[in-house]
Amino acid sequence: MLLKEKNIIITGSGRGIGRSIAIACAKEGANLGLISRTLDELNKVKDEILKLRTGVKVSVKTADVTNYEEIEGAFKAFHEDLGEFNGVIANAGYSRMWNSHEFDSNKFSEIMTINVSGVFFAFKAAYPYLKKNDKNNKSRFIITGSAAFTNPMPKLAAYTASKYAVVGLQNALALEYKKENITFNMVLPTQVDTRMLRGGKAGDGNKPPNVMNPKELNEYYLFLLSDKANKTDNALIFTSDFGEIRNLLSKTPPLKRENWEVFKPYLEENAPKIYSNIRKLGKLVDFIINSIE
Ligand SMILES: NC(=O)c1ccc[n+]([C@@H]2O[C@H](COP(=O)([O-])OP(=O)(O)OC[C@H]3O[C@@H](n4cnc5c(N)ncnc54)[C@H](OP(=O)(O)O)[C@@H]3O)[C@@H](O)[C@H]2O)c1
């Protein structure tokens, strides 16, 4: 098991991407602290995990990521229930699409507060409980960003601004906490079949083909939480790049895709742009190659 006895906290884990990561982490042996504002959803995820009978502990707490006292209280309770944290995934997020000149000003602030302050509050509240004394076993702080960073979208100005802002936040935190053995990394998905994107239709089986199933993101988070990513720091993992890597791997002759070292020159020759985007993430490519086989 990849994450046996690791303690992982996930915000926004009542549904969507957070729920999917929580279940994947439990299957790999991690104990979990789950946060959102909706207790019913959290309890459903907890029940699903307990039914797996992997023996992991699951603690659920309702808290609004925009309310520092609530988040502080929830993280304190997770520490009491689980012990020191090995990883935190700041995943809770919110979006609304509308003409910018008509966009409700309070909504703009709400989106920025959930998507930016919420990430900062999660780090600040987790900091006292993050393991900091082992450079061979660093703590992981992972942010769910968005492909809106580098690909801004019309009618999504607030959301786009918030997802640019968290990249700056990550850069600053990664520099500041390197010496304390805490790494910061981000997963930047394109479109995913969740309530945020498809409202009540999420998970109805009719998602457009370009929209990912939340499960397709699990491997990025599992990699970042695993021992294999101990030295991965301040990385931006664009799911679109790795979608193309998967495609290419499926067409690559077996001897040229045995591992990153042999695949690297093949990738550089056949997809130079993707190679240049992901060349520092060879360990993740190896992780994907091993998960395919
Ligand atoms: N879906 C996509 O296409 C897509 C693409 C790129 C990036 N993302 C990012 O993925 C992350 C997860 O979104 P999702 O797609 O899984 O959406 P989702 O299904 O709507 O889930 C969002 C989760 O965040 C929680 N949440 C929202 N506001 C919160 C708050 N103020 N305090 C605490 N929890 C809060 C929600 O629970 P409650 O409402 O019960 O609190 C829910 O558990 C977000 O950061 C989003 O920006 C999504």
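Guide: Start with a rule for helices: the expected span is 1.5 Å times one less than the number of residues. Keep in mind that this model is predicted.
Visitor: OK, what span should helix 5 have, and what are its end C-alpha atoms doing?
Guide: Helix 5 has 21 residues, so it should span 30 Å. Its end C-alpha atoms are 30 Å apart, which agrees.
Visitor: Which residues of helix 5 are buried?
Guide: They are Ala158, Tyr159, Ser162, Lys163, Val166, Gln170 and Tyr177. They cover an arc of only 125° around the axis, so they sit on the same side of helix 5.
Visitor: Why would residues spaced out in sequence point the same way?
Guide: An α-helix has 3.6 residues a turn, so residues three or four places apart point the same way.
Visitor: And what's on the face of helix 5 turned away from the buried side?
Guide: That face carries the exposed residues Gly168, Ala172 and Leu175.
Visitor: What covers the buried ones in helix 5?
Guide: The cover includes helix 4, strand 5 (139-144) and strand 6 (182-188).
Visitor: Where is Leu173?
Guide: Leu173 is in helix 5, residues 157-177. It has 19 C-beta neighbours inside 10 Å, so it counts as partly exposed. Buried would take 20 or more.
Visitor: What does Leu173 touch?
Guide: Leaving out residues up to four places away in sequence, Leu173 touches Phe123 and Phe184. Lys207 is another matter: it is 34 residues from Leu173 along the chain, and their C-alpha atoms are separated by 36 Å.
Visitor: Let's switch to helix 3. How does its span work out?
Guide: Helix 3 covers residues 68-82. Its 15 residues should span 21 Å, and the end C-alpha atoms are 21 Å apart, so that agrees.
Visitor: Which residues are buried there?
Guide: In helix 3, Ile71, Ala74, Phe75, Phe78 and Leu82 are buried. Their arc around the axis is only 95°, which puts them on the same side of helix 3. Exposed Glu69 and Glu80 are on the face turned away from that buried side.
Visitor: What lies over the buried side of helix 3?
Guide: Its cover includes strand 1 (7-11), strand 2 (31-36), strand 3 (58-62) and helix 4 (105-126).
Visitor: What follows helix 3?
Guide: Gly83 does, and its phi is positive, near 100°.
Visitor: New topic: the ligand. How many residues surround it?
Guide: There are 28, and the closest are Gly12, Gly16, Arg37, Thr38 and Gly93. Helix 1 (16-27) and helix 6 (195-198) are the elements giving two or more residues to that shell. By class, the shell has 9 nonpolar, 14 polar and 5 charged residues.
Visitor: You mentioned helix 6. Is Leu197, which is found there, buried or partly exposed?
Guide: Leu197 counts as partly exposed, because it has 18 C-beta neighbours inside 10 Å. Not counting residues up to four places away in sequence, Leu197 touches Gln191, Val192 and Val211. Ser95 is 102 residues from Leu197 along the chain, yet their C-alpha atoms are separated by 8.6 Å.
Visitor: Last one: which domains does the chain have?
Guide: The domain assignment gives domain 1 (7-234) and domain 2 (240-293). Their C-alpha centres lie 26 Å apart.

Methods. Residues numbered from 1 in each chain as written. Predicted model: local features only at pLDDT ≥ 70, side-chain atom pairs only at ≥ 80, totals over all residues. Near = placed C-beta within 6 Å. Helix = DSSP H or I, 4+ residues; strand = E, 2+ residues; numbered from the N terminus. Nonpolar A, V, L, I, M, F, W, Y, C, P; charged D, E, K, R; others polar. Domains from an automatic or database assignment. Buried ≥ 20, exposed ≤ 12 C-beta atoms within 10 Å, placed from the backbone. Arc of directions from axis to C-beta. Contact = placed C-beta atoms within 7 Å.
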